[in-house]
Amino acid sequence: MSSTAHAATPYYFVPGPSRHPALAALGLFFVILGAGQWVNGEEWGKYSLACGMLFWWGVLFQWFRDAINESEGGLYSYKIDLSYRWSMSWFIFSEVMFFGAFFTALWWARGHSVPTLGSLDNALLWPDFKAVWPSIAAGVTASPANIIEPFQTMTPFWLPTINTGLLLSSGVTLTIAHHALIKGERGKTIAFMWTTVLLGTVFLFVQGYEYAHAYSEMNLKLTSGVYGSTFFMLTGFHGFHVFVGMLMLLFITLRLMKGHFTPSKHFGFEGAAWYWHFVDVVWLGLYVIVYWT
């Protein structure tokens, strides 16, 4: 992972005692405390959330800086590289399970919950309810208690399709950058990495515009029944992962500009690339299942 050759790399580097895990947990405590109080109407919650986030980011900056210095100092051997690969693999597996749970929730709502509510067993309770998906249609009642305002459903044209093109293109530019790094073409690597970061940033802006359009012109909100909640849950969490992946790629690009990584040792780059390609695949599932069906 380091661009510097060292003759005395330890077999397996074991770092000394660190304050970073405890401090990171402390910052997250105030983040969760503030978020929980803010959504329950406590004004001070937002300040706890903001301070906790700033504190947490500061800890992460110092933690990552120490890890980079260890790598560049020649302390990471093949065993550490292998450990990082297994760690990133399990992390991405956990993310697969995370999104798998939300896709399953969408499937259960569409394939089981809504049809069951519209069956004969519930006809006496909700005689005007019609089991349709999306949970709104002309001439039928999808909210028998009238607690859901009328809304329009999201279609794949054109913003989601544009975002699909952006993400697929970013996967291509990232792959080109990776092959350039393997060949030792650092300038080309940096250029295509900046292109990838730019494509990810544009994706986020397009999705932000899509959300603003949904709320203001389509009246599609998080409270728009099961359709609105699953739509914003899936696309929102994916957007957050795009943001995290974009930050990963940004920091990797900055490290490349500082001369870090070599053609043979660059797992920091590879780990970020694995994550970004995972984000691409999840979006393709969202694009087909959420927007088209």
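Asp 66 counts as partly exposed, at 27% relative accessibility (buried means under 20% relative accessible area, exposed over 50%, partly exposed in between, with a 1.4 Å probe and protein chains only). Welcome to a quick tour of this predicted model, where local features need pLDDT of at least 70, side-chain atom pairs count only at pLDDT 80 or more, and totals for chains, interfaces and linings use all residues. Residues are numbered from 1 along each chain as its sequence is written, and side-chain values use heavy atoms, leaving out hydrogens and water.

**Salt bridges**
- The count comes to five salt bridges, each a side-chain nitrogen of Lys or Arg within 4 Å of a carboxyl oxygen of Asp or Glu.
- One of them pairs Asp 66 with Arg 65, with 3.9 Å between the closest N and O atoms; Arg 65 is partly exposed at 38%.

- Asp 81 and Arg 85 meet in a salt bridge at 2.7 Å, N to O, and sit four residues apart in helix 3 (residues 78-117), about one helical turn.
- Helices here are DSSP runs (H or I, at least four residues), numbered from the N terminus.
- Asp 81 is buried at 15%, whereas Arg 85 is partly exposed at 24%.
- Arg 85 also forms a salt bridge with Glu 270, their closest N and O atoms being 2.7 Å apart.
- Glu 270 lies in helix 7 (residues 267-292) and Arg 85 in helix 3, so this pair ties together parts 185 residues apart in sequence.
- Salt bridges with shared partners join Asp 81, Arg 85 and Glu 270 into one network.

**Helix 6**
- Helix 6 (residues 225-257) has 33 residues and reaches 48 Å from first C-alpha to last, close to the 48 Å expected (1.5 Å times one less than its number of residues).
- Gly 259 follows helix 6, with a positive phi near 95 degrees.

How values were computed
Helix = DSSP H or I, 4+ residues; strand = E, 2+ residues; numbered from the N terminus.
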